[in-house]
Amino acid sequence: MATQPRVRSTAVGTGWRAAAFEAEMAARRASYARPLRLGLFAGTWNVNGQSPDVAENLRHWLFPAHTPPPGFDLYMIGLQEIQSLSGVDAVRADITRGRDWRLCMDKVLSRNEYELVAERQLVGILILVYVKTVHRPFLSDVGVSYAGTG
């Protein structure tokens with residue numbers, strides 16, 4: 001009975017390189033990384049087409065009484081129905097509504113030393129990401145992506 005010829009994979013023999021690389025990176029980890037415990041706020045709010053004028057209690061939502069000191073380091077905020085979703089408004093984004101809500105959030109969060117690092121509006125949905133200013137120098141290449149559905 002004839003034996004099948006062995007097919008050699010191009011990946012064979014590179015396993016030792018990956019292992020050596022991982023070992024070297026692990027050995028040098030302290031020179032390029034340091035563990036840091038961060039507080040994260042992730043919240044959504046259906047504003048039901050209302051303007052930011054109704055946001056007088058925004059501070060209570062973003063800085064709840066039970067927040068452990070020194071507070072949150074990162075805020076991920078999702079606002080739903082920032083504009084009316086009837087008729088043509090259901091397919092066309094009103095960027096002024098998104099801007100008004102962002103300015104409202106900026107006012108509350110920038111007063112507490114946070115900086116906007118990502119923003120995306122998809123018709124009636126607004127996503128905002130803020131980070132404490134002290135962490136901003138360690139943040140790079142922030143990316144935002146989306147998938148329109150519905």
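## Nonpolar core

The largest nonpolar core of this predicted model has 18 residues; a core of this kind is a set of buried Ala, Val, Leu, Ile, Met, Phe, Trp, Tyr and Cys residues joined through side-chain atoms within 4.5 Å. Buried here means under 20% relative accessible area, exposed over 50%, and partly exposed in between, with a 1.4 Å probe and protein chains only. The residues with the most contacts inside this core are Leu-62, Tyr-75, Ile-77, Leu-79, Met-105, Leu-109 and Tyr-130. At least two residues of the core come from each of α2 (58-62), β2 (74-80), α3 (95-110) and β4. Helix α3 provides the largest share, with five residues.

Met-105 illustrates the packing. Beyond its neighbours within four places in sequence, Met-105 is in contact (heavy atoms within 4.5 Å) with Leu-58, Trp-61, Leu-62, Ile-77, Leu-79, Ser-110, Leu-128 and Tyr-130.

## Basis and confidence

Residues are numbered from 1 along each chain as its sequence is written, and side-chain values use heavy atoms, with hydrogens and water left out. The model is predicted: local features need pLDDT of at least 70, side-chain atom pairs count only at pLDDT 80 or more, and totals for chains, interfaces and linings use all residues.

The average pLDDT, the predictor's confidence in each residue from 0 to 100, is 80 for the protein, and 81% of the residues score at least 70. Confidence is lowest in α2, with a mean of 84, and highest in strand β1 (residues 40-46), with 93. Over residues 5-12 the pLDDT is below 50, and this stretch has zero contacts in the model beyond near neighbours in sequence.

## Overall architecture

The protein contains three helices and four strands, assigned as DSSP runs (helices H or I, at least four residues; strands E, at least two) and numbered from the N terminus. Read from the N terminus, the order of elements is α-β-α-β-α-β-β. Of the contacts between residues at least 6 apart in sequence, 69% join residues at least 24 apart.

Of the 150 residues in the protein, 25% are buried. The protein exposes about 11000 Å², with carbon and sulfur atoms supplying 56% of that area; accessible areas come from the Shrake-Rupley method with a 1.4 Å probe, and for residues only the protein chains shown count as cover.

## Salt bridges

Side chains of opposite charge can pair when their charged atoms come close. The structure holds five salt bridges, each defined as a side-chain nitrogen of Lys or Arg within 4 Å of a carboxyl oxygen of Asp or Glu. One of them joins Arg-102 and Asp-106, at 3.0 Å from N to O. Both residues lie in helix α3, four residues apart, about one turn of the helix. Arg-102 counts as buried because its relative accessibility is 18%, and Asp-106 counts as buried at 18% as well.

Arg-102 also meets Glu-119 in a salt bridge, with an N to O distance of 3.3 Å. Since Arg-102 lies in helix α3 and Glu-119 in strand β3, the pair ties together parts that are 17 residues apart in sequence. Glu-119 is partly exposed, at 37% relative accessibility. A further salt bridge links Arg-136 and Glu-115, whose closest N and O atoms are 3.4 Å apart. Arg-136 lies in the segment after β4 and Glu-115 in strand β3, so this pair connects parts that are 21 residues apart in sequence. Arg-136 is partly exposed at 29% relative accessible area, and Glu-115 is partly exposed at 31%. Through shared partners, salt bridges join Arg-102, Asp-106 and Glu-119 into one network.

## Strand β3 at Leu-116

Leu-116 is placed in strand β3 (residues 114-122) and is partly exposed, with a relative accessible area of 27%. Not counting residues up to four places away in sequence, Leu-116 touches Arg-102, Asp-106, Leu-128, Val-129 and Tyr-130. Leu-116 and Lys-132 are 16 residues apart in sequence, and their C-alpha atoms are 9.0 Å apart in space.

## Nonpolar surface patch

Leu-122, Ile-125, Ile-127 and Tyr-146 make a nonpolar surface patch of about 340 Å². Patches are made of residues with over 30% relative accessible area and no salt bridge; like charges are joined within 9 Å, and nonpolar side chains (Val, Leu, Ile, Met, Phe, Trp, Tyr) within 5 Å.
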